Amino acid sequence: MYGKGLRTLSIATVVAFAVTLSLVFFYAPIEADQGFLQKIFYLHVPLAIISLCGFIVGGIFAVLHLRRDDPRYDAYSYVSIHISVIFAVGALITGSIWAKGSWGHWWVWNEPTLVSFLIVFLLYATYYPFRYAIEDRQRQARYASVFAITAGAFVPLNFLAVRASASLVHPRVFATAEGGLPASMMLTFLCSIASMALLWTTLVKFELSAKSAQGQLKRLRRALDAPNTQATSRIAPEVS
Amino acid sequence: MLSWLFAAPSIPNDVGGKYVAGAYIVFLLLMLIYVAIMGMKLARIESGLREVAEIAEKRQGDAAVAATTRPEAPAEVKS
């Protein structure tokens, strides 16, 4: 069910990444200030943006789950958050590498952009133990949805708060008074965002189809066990 | 295409190039780790499916044997 269109999506993702990497290394100009190091921008920023968007998408699916009481939406919410956490790990590591090359430090604790992203990441890292600490499946799904909505609402608020705060070293590239990126860099960046979004969607679909297969297998096992149970109950003494 | 590739600037082997290569390799590794974990998960599902299929086939075989060895019902005695 979830595997439908996965092949096309995977091919589209591979093609998009090939085009993006070509643009990054052969088309986008070398930045005057940071030089070749700025190429990390086309990887780090899309990873961060898509992971934050994924957290919000997870929150939206959680709202749908609570409204419609459909377990499918809980699965969508869980998988969206799961893939976004992986992307957030990528954003943190690539950002750290960029920080080391650019500022000479792996991490700068007094920089609001970095610390706020770490807080969001840590918040979502608690999603897994929180979810799996509850044994009852329905309660687990409900509580996880409430968590996803609250944390999802925190993401844009956090983003706006960071934008409003004074930046120390982290650059503000978009919507700045200086005019932001030149056209060639902007095109490359938009391609990076599109390919990263495609990768996110492909991984979400892949994970959902794997989860669905696992669920079907469990159903099959239960169905195979069912006749045995009936047989046992048939030979059990009847109590009148 | 080839001329475009040859005209492109090569990756500089300075400090910047090292970090850029590092960042892209980290991303690739992350994806590889994810794919490896998913591969293991899929292998588990596959072995589970095989096991379930074997149980189903065994039951089908048992049912067939039981059907062939079942004693026939006694013929009705006409009075």
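How many residues does the contact take from chain B and from chain A? The contact takes 24 residues from chain B and 26 from chain A. The model is a predicted one.

- Chain B has two helices and zero strands.
- Of its 79 residues, 6% count as buried.
- On the side of chain B that touches chain A, helix H2 (residues 15-69) of chain B gives the most, with 21 residues.
- That side of chain B is made up of 19 nonpolar, four polar and one charged residues.

**The largest nonpolar core**

- The largest nonpolar core holds 57 residues, and the members that touch the most others are Ile40(A), Phe87(A), Trp200(A) and Ala23(B).
- Two or more residues come from each of helix H1 (6-27), H2, H3, H4, H6 and helix H7 (183-235) of chain A, and also from H2 of chain B.
- H3(A) supplies the largest share of this core, 13 residues.
- Leaving aside residues up to four places away in sequence, Trp200(A) touches Ile50(A), Gly54(A), Ile83(A) and Phe87(A).
- In soluble globular proteins, nonpolar side chains tend to be buried together.

**Helices H4 and H6 of chain A**

- Helix H4 (residues 112-125) of chain A packs with helix H6 (residues 137-164) of chain A at an angle of about 175°, and their axes are 10 Å apart.
- Because angles over 145 degrees count as roughly antiparallel, H4(A) is roughly antiparallel to H6(A).
- From H4(A), the contact is made by Pro112(A), Thr113(A), Ser116(A), Val120(A), Leu123(A) and Tyr124(A).
- From H6(A), the contact is made by Ala151(A), Phe154(A), Val155(A), Asn158(A) and Val162(A).
- Among the residues of this contact, eight are nonpolar, three are polar and none is charged.

**Helix H2 of chain A and Asp69**

- H2(A) has 28 residues and spans 40 Å from its first C-alpha to its last, close to the 40 Å expected at 1.5 Å a residue.
- The phi of Asp69(A) is near 55°, a positive value in a residue other than glycine.
- Most residues other than glycine have a negative phi.
- Is Asp69(A) buried or exposed? Asp69(A) is exposed, because 12 other C-beta atoms lie within 10 Å and a residue with 12 or fewer counts as exposed.

Note on methods: Residues are numbered from 1 along each chain as its sequence is written. Chains are lettered from A and ligands numbered from 1 in the order in which they are written. This is a predicted model: local features need pLDDT of at least 70, side-chain atom pairs count only at pLDDT 80 or more; totals for chains, interfaces and linings use all residues. Axes are lines fitted to C-alpha atoms, for helices over the stretch in contact, and angles run from 0 to 180 degrees between N-to-C directions. Helices (H or I, at least four residues) and strands (E, at least two) are DSSP runs, numbered from the N terminus. Angles under 35 degrees count as roughly parallel, over 145 as roughly antiparallel, 65 to 115 as roughly perpendicular and the rest as oblique. Two residues are in contact if their C-beta atoms, placed from the backbone, lie within 7 Å. Ala, Val, Leu, Ile, Met, Phe, Trp, Tyr, Cys and Pro count as nonpolar, Asp, Glu, Lys and Arg as charged, and the others, Gly among them, as polar. A residue is buried if 20 or more other C-beta atoms lie within 10 Å of its own, exposed if 12 or fewer, and partly exposed in between; C-beta atoms are placed from the backbone. The expected span of a helix is 1.5 Å times one less than its number of residues. A nonpolar core is a set of buried Ala, Val, Leu, Ile, Met, Phe, Trp, Tyr and Cys residues joined through C-beta atoms within 7 Å.
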